[in-house]
Amino acid sequence: MSRQVVLGFAFTLASAFFFAVSGAVAKTMYATGWTPGSVAFVRLTGASLLLAAPTLWQMRGRWGEVREHWRTVLIYGLAAMAGCQGFYFVAVQELTVTVALLLEMTAPIMIVFYLWAATKVRPVALTFLGVIVSMAGVVLVLDFRGAHLTGFGVVMALLAAVCLAIYFLVSSQSSISLPPFAFTGLGMTIGAVVIAALNLLGVMPAVFRTADVVFAGRTMSWLWPLAMLVLFTIGAYGFGILGLRLVGATVGAFVNLVEVPLAALAAWFVLGELPTSIQLVGGVFILIGIALVKWGDVRAARAGTPETRAERRARRREERAARAARAAQPAAGASTEPLAGEVSGGRLPTGEFSLPPEMVDDSPAEWGPEPGRGVQIME
């Protein structure tokens, strides 16, 4: 495994860790009266303010690249920042946290089938097997027995999954030359503006509290979890972009499923919620699925990029055209005139040729040629 792949895995795992811990930290704030709208606003606004100076420094003389990729930056801010958090928190209001998270974690499957449809290249069997094993692990970790479902909540959770898939696809684009943390800062600024608008419109009401919170069994000021929430948000998105540019959207999305068992461990440490044995088994399933997906990715890379349907049809058309051209034209260098002694069109060729001496009959014949002379064939 190359150093680049190892670094990609490390960055993606770090991103998953920060995402997982952020959820547990946010829940300690919910207990004191904070709302999803206020938490999302503080996360994005605080992170964008902290990244403002590094973003401006890294973007010196490079604002032309922002103009060049402005659609990508806008989509990243709307979907990866505002969309992921907004739709998910609305879904949590309608569904249990378990079901909402399970539905959001269908994003990797969406990516596999999106790439299949976009490239017309069917994923290898190991990738499909990894999808099945990973999602089975997610189901085991997120035991949703007795969950209450509503149609609106399911739609919101699936929209959060779509936004999460967009986050993986956009973050993995190596063609974007913007520095990862500057790209994150720009996206967070857009996301913060959108969440602020939703707060003002009452779509996601914001309630802020200054009461102390209970964190890992200890009472502390609300500023500590708030600071961790902002820093973990920067780490989650910043390391996520670094990792996804190295391992790609498909593998990165499945590596990110490690967030589920990590979230269970964070909940045990911060909130005192112990993971069950079935959750631990589910975590093992997720790791096995990730390994299968990466193995399939490596095997596909070694075999080369498979031919798409469009490429296959074009190649076959070219082969048929080449065969037709060869059939219509004689071989290069061949003469179209019949050679002496060859039959042309069922007739003997005109011209004079000599028989070998042993085949010459010297006896006179009424019809034959004079002795010693060749045979003359006339037209």
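Here are some questions and answers about cysteines and aromatic rings in this predicted model.

Residues are numbered from 1 along each chain as its sequence is written, and side-chain values use heavy atoms, with hydrogens and water left out. Since the model is predicted, local features need pLDDT of at least 70 and side-chain atom pairs count only at pLDDT 80 or more, while totals for chains, interfaces and linings use all residues.

Me: How many disulfides does the structure hold?
Reply: A disulfide needs a pair of cysteine sulfur atoms within 2.5 Å. The sulfur of cysteine 163 is 5.4 Å from the closest cysteine sulfur, in cysteine 84, and that's too far for a bond. So the disulfide count is zero.

Me: Is cysteine 84 buried or exposed?
Reply: Buried means under 20% relative accessible area, exposed over 50%, and partly exposed in between (1.4 Å probe, protein chains only). Cysteine 84 has 8% relative accessibility, so the answer is buried.

Me: Which residue has its ring under the charged end of arginine 60?
Reply: A charge sits over a ring if NZ of Lys or CZ of Arg is within 6 Å of the ring centre and within 35 degrees of the ring normal. For arginine 60, the charged end is 3.6 Å from the ring centre of tryptophan 57.
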